[in-house]
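Please view the sequence and the structure alongside the text.

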Amino acid sequence: MVSGEFIHPGFVFLLGSLLIPLLKGWLKKAYLLAIAALSIALVATMPEGTYWHVDWLGVRMVLGRVDKLSLCFLWVFTIMAFLGVLYGLHRSEDGHHVAAFWYIGSSLGAVLAGDYLSLFTFWELMACSSVFLIWYRRRPESIRAGFRYLMVHIFGGLCLFFGMIFRYWQVGDFAFGPIPSGTAGVSDYLILSGFALNAAVVPLHAWLPDAYPEATVEGAVLLSAFTTKTAVYTLARAFSGYEVLALLGTLMAVYGVFYALIENDMRRVLAYHIVSQVGYMVAGVGIGTALTINGACSHAFAHIIYKGLLFMGAGAVLYRTGTCKLSELGGLWRWMPWTMLFYIIGAVSISGFPLFSGFVSKNMTVSGAFEAGRPFLGIFMELAAIGTFLSVGLKVTAFAFFGEGGKEVKEAPWNMLLAMALASGICLFIGIYPHALYRLLPFEVEYHPYEISKVLEVLQLLGFSGLVFFILKEKLRPEPKINLDLDFSYRMLTKYFMAFDRRVIALLDYLWGEVWKVVGIRGLYGGAEASDSFDRKAIDGVVDGMAYGVRTIGDRARRLQWGSLQGYIALSTAIALLALILFALE
């Protein structure tokens with residue numbers, strides 16, 4: 001875990017998880033927070049360079065690559081880890097905390113990986129550990145969603161695995177670095193597909209709104225932070241400047257907003273907005289200029305904090321009311337005022353209000369699109385911003401926290417409120433002092449968010465969004481319904497496959513069983529009888545014949561032993577004389 005000045009924060013979480021089941025009460029809570037705080041301190045003192053070079057089976061592995069790009073993500077990952085651990089302190093199951101630590105640790109390991117082999121190891125560990133944050137909710141829907149989540153990520157892992165193996169055959173090493181779009185081949189696009197699936201790039205996105213709303217209250221906060229943003233990091237590391245990412249990222253921004261507008265479940269609204277907001281990041285990576293890559297990284301940083309805050313608010317509502325259905329909520333401002341306040345801070349942050357974090361990060365990518373001569377992409381990203389404020393900022397707030405209905409509940413526990421307060425403070429701090437974020441970005445920043453034109457443009461968009469909401473409020477009123485997305489395809493595929501299995505594969509299996517009974521088993525019995533006969537007649541005959549021969553020779557030799565010394569001397573003399581006579585005759 002230690003290499004000179006470098007201590008791997010991922011292994012701090014992985015190894016630190018081993019002590020969790022041994023601790024109880026406040027000691028365990030203090031230990032959880034101490035591990036998370038230690039990881040932040042390690043990142044704060046981490047020097048740039050490469051560490052932990054390991055030669056294994058002739059393969060060069062680098063477990064610690066530290067540069068501006070990885071440090072940007074390490075900072076926000078460890079900060080979010082602390083907030084997520086604090087938010088989930090009340091959780092009693094040790095297994096849930098262990099799964100969370102392994103999920104966080106593997107995400108940090110993926111960011112620090114300098115080769116595809118170690119990246120793949122941490123990549124799969126992320127999937128295998130994070131699924132328990134879904135299963136620990138212990139609902140049938142969560143169990144099924146967890147299996148779908150796991151199967152989809154196994155498929156993505158296979159794409160990454162085969163891609164990196166084919167690439168190794170081509171280039172002779174597993175080094176993980178930039179791949180120019182002009183030289184990319186099949187192996188590189190397989191790797192890109194694996195990364196894109198984890199980034200929830202449309203049309204590979206449906207696993208996210210399917211699984212995240214079924215996770216535990218605490219697990220959803222962590223899920224919103226790590227998987228998709230680790231994928232954004234890998235895309236920025238290897239695939240910047242790919243046109244397909246610019247187009248699909250812009251599509252994500254609009255697509256996610258559309259579904260968020262028609263959803264009824266708070267956490268599904270937020271899940272679709274992960275798709276939308278990650279779209280800005282993917283588009284920034286795809287455009288590939290220094291400004292848009294900076295925008296992707298800064299937006300990833302801001303998004304992790306405010307999206308975690310929004311999931312904290314929705315989780316607190318679910319924790320106290322037992323539901324996230326907007327059609328069943330209302331009037332919560334009376335009973336959960338602090339939760340409402342913190343949720344609104346997250347909502348205005350994601351909507352890009354001036355003085356909040358989303359304003360100084362999201363608009364960097366939009367401005368970069370226009371500066372790069374891609375106005376089409378920039379316009380659609382701005383249109384997506386309208387839908388963001390409509391759904392997260394106005395729709396959820398209006399129908400969950402205001403209005404009529406709902407029942408009297410308690411405010412969220414102290415640890416939840418404290419985590420939300422800290423996240424809210426970070427959103428405000430970044431919005432007011434954006435250069436605290438900009439100095440962490442991989443390239444020098446030549447962007448000034450608080451120019452009058454930029455501020456007025458955003459305020460006009462937000463004002464228009466508010467006007468649209470109040471005109472269409474009744475049309476946007478949540479309804480208890482199920483919206484079909486592309487997950488419908490693999491749900492139906494599974495349904496038809498199971499029907500095919502019952503009707504065709506089961507029949508073939510039955511017929512094969514009957515054929516085996518007639519042909520296979522009889523053949524086995526015949527072969528066994530032949531082997532037995534050969535053993536008795538051939539092998540036993542040879543062995544027994546040799547035994548009988550040895551015994552006969554022994555019997556005859558025994559008869560020569562009559563126990564008389566004179567006889568032995570006489571016999572020896574006769575044999576010697578016979579030998580001399582034969583020699584003389586020759």
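## Cavities and salt bridges

Helix α4 supplies the largest share of the lining of the largest cavity, with 4 residues. The model is a predicted one, in which local features need pLDDT of at least 70 and side-chain atom pairs count only at pLDDT 80 or more, while totals for chains, interfaces and linings use all residues. Residues are numbered from 1 along each chain as its sequence is written, and side-chain values use heavy atoms, with hydrogens and water left out.

A cavity here is a set of points, on a 1 Å grid over the protein atoms alone, where a 1.4 Å probe fits but cannot get out, and its lining residues have an atom within 4 Å of a point. Helices are DSSP runs of H or I with at least four residues, numbered from the N terminus. The structure holds 2 cavities of 30 Å³ or more, each volume being the space filled by probe spheres set on the points.

| Cavity | Volume | Residues in the lining include |
|---|---|---|
| Largest | about 90 Å³ | R91, H96, H97, F101 and E218 |

In the second largest cavity, the largest share of the lining, 4 residues, comes from α5. By class, this lining has 4 nonpolar, 4 polar and no charged residues, whereas the lining of the largest cavity has 5 nonpolar, 4 polar and 2 charged residues; the classes take Ala, Val, Leu, Ile, Met, Phe, Trp, Tyr, Cys and Pro as nonpolar, Asp, Glu, Lys and Arg as charged, and the others, Gly among them, as polar.

R91 and E218, which are among the residues lining the largest cavity, are also linked with E93 and R138 in a network of salt bridges. A salt bridge is a side-chain nitrogen of Lys or Arg within 4 Å of a carboxyl oxygen of Asp or Glu, and by this rule the count comes to 14.

One of these pairs joins R139 and E214, with 2.8 Å from N to O. Because R139 lies in the loop between α5 and α6 and E214 in the loop between α8 (207–211) and α9, the pair ties together parts that are 75 residues apart in sequence. R139 is partly exposed at 30% relative accessibility, while E214 is buried at 18%, where buried means under 20% relative accessible area, exposed over 50%, and partly exposed in between (1.4 Å probe, protein chains only).

D210 forms a salt bridge with R148, the closest N and O atoms being 2.8 Å apart. This pair connects helix α8, which holds D210, to helix α6, which holds R148, across 62 residues, and D210 is buried, with a relative accessible area of 4%.

Definitions and conventions: 1 Å grid on protein atoms, 1.4 Å probe; cavity = no way out; pocket = protein on both sides within 12 Å on 5 of 7 lines; lining within 4 Å. Helix = DSSP H or I, 4+ residues; strand = E, 2+ residues; numbered from the N terminus.
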